[in-house]
Amino acid sequence: MTSKKVVELFYDVASPYSWLGFEVICRYKNMWNIDLKFRPAFLGAVMKGSGNKSPTMVQKKVLYMDKDLNRLRDYFNVPMQHPADPIGVIFKKGSLSAMRFLTAVQEREGGNTKAEQVSRELFLRIWNEDKDITEPGSLSEAAVKAGLSESEIKELLELYTSPKMKDKLKSATQDALDYGAFGFPLLVCHVNSKAEVFFGSDRFELMAHCIGEKWLGPQPEKAHPKL
């Protein structure tokens with residue numbers, strides 16, 4: 001077997017399209033010959049650093065996104081429900097604390113397993129349960145649901161506000177900007193010493209072609225039930 005191709009996923013739990021991309025790449029991580037690396041980063045800083053503007057500034061985009069996410073929810077089989085105040089959730093409360101917490105989870109584990117579980121619970125809190133992700137108690141609840149122990153959570157609550165975690169999140173966010181990010185999700189595939197960059201949750205077919213894998217749709221288990 002050829003060596004695994006490294007695929008980096010830059011994402012922020014405040015981004016609904018990040019959730020779609022996150023779930024799809026997780027479904028393929030053991031089907032494709034890839035080494036998936038989660039790169040939690042801060043969407044707010046990417047928007048600012050790239051000069052991008054919020055889609056909420058264009059009313060027609062807001063109306064389209066509402067319909068688009070409803071269609072994608074069913075197509076991707078992701079249990080997404082719009083929060084009562086999505087603008088407040090994304091742009092006023094923000095996700096900085098949550099992304100620092102995820103950075104700490106990944107730092108402590110040195111891998112992806114717990115980061116995947118906690119990420120999913122944070123996505124669910126915003127985009128399914130309409131719950132807070134900014135307070136320590138909220139982050140603890142997500143970590144409990146993800147299966148982390150009381151001692152692990154206590155350590156993470158001390159770690160995620162440290163200068164080291166703040167700097168690590170800044171570094172990941174800058175890496176995304178250096179790859180040309182202007183939003184999330186951003187998938188970076190390292191092929192033949194070259195970084196191939198794909199933006200959005202709807203580029204998997206092209207990405208699969210690029211890395212020499214087969215795209216079976218957003219729900220590959222339906223295409224191959226025995227997988």
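This is a predicted model: local features need pLDDT of at least 70, side-chain atom pairs count only at pLDDT 80 or more; totals for chains, interfaces and linings use all residues.
**Entry 1: helix α9**

I began with helix α9, which covers residues 163-178 and so counts 16 residues. From first C-alpha to last I find a reach of 22 Å, close to the 22 Å expected at 1.5 Å a residue.

I then asked which residues of α9 are buried. They are Met 165, Leu 169, Ala 172, Thr 173 and Ala 176. Looking down the axis of α9, I see these buried residues fall within an arc of 95 degrees, so they line one face of the helix.

I next looked up what covers that buried side. The elements over the buried residues of α9 include the strands β1 (5-11), β2 (34-40) and β3 (186-191), together with the helices α2 (43-50), α5 (96-109) and α8 (150-159).

On the face of α9 turned away from the buried side, I note the exposed residues Pro 163, Lys 164, Lys 170 and Asp 178. Beyond the helix, I checked the backbone at Gly 180, which follows α9 and has a positive phi, near 100 degrees.

**Entry 2: aromatic pairs**

One of the pairs is formed by Phe 101 and Tyr 160, with 5.6 Å centre to centre and 80 degrees between the planes, an edge-to-face arrangement. I place Phe 101 in helix α5 and Tyr 160 in the loop between α8 and α9, so this pair ties together parts that are 59 residues apart in sequence.

I then examined the rings of Phe 204 and Trp 215. Their centres lie 5.6 Å apart and their planes stand at 10 degrees, so I record the pair as stacked. Phe 204 belongs to helix α10 (residues 204-211) and Trp 215 to the loop between α10 and α11 (220-223), so the pair ties together parts that are eleven residues apart in sequence.

For accessibility in this pair, I find Phe 204 buried, with a relative accessible area of 2%. Trp 215, at 22% relative accessibility, counts as partly exposed, because the cut-off for a buried residue is under 20%.

**Entry 3: ring cluster**

Last, I asked which residues ring pairs link into a cluster. I list Tyr 11, Trp 19, Phe 22, Phe 38 and Phe 123 as its members.

Notes: Residues are numbered from 1 along each chain as its sequence is written. Side-chain values use heavy atoms; hydrogens and water are left out. Helices (H or I, at least four residues) and strands (E, at least two) are DSSP runs, numbered from the N terminus. The expected span of a helix is 1.5 Å times one less than its number of residues. Buried means under 20% relative accessible area, exposed over 50%, partly exposed in between (1.4 Å probe, protein chains only). The arc is that of the directions from the helix axis to the C-beta atoms. Contact means heavy atoms within 4.5 Å. Rings of Phe, Tyr and Trp (its six-membered ring) pair if their centres lie within 6.5 Å; planes under 30 degrees apart count as stacked, over 60 as edge-to-face and the rest as tilted.
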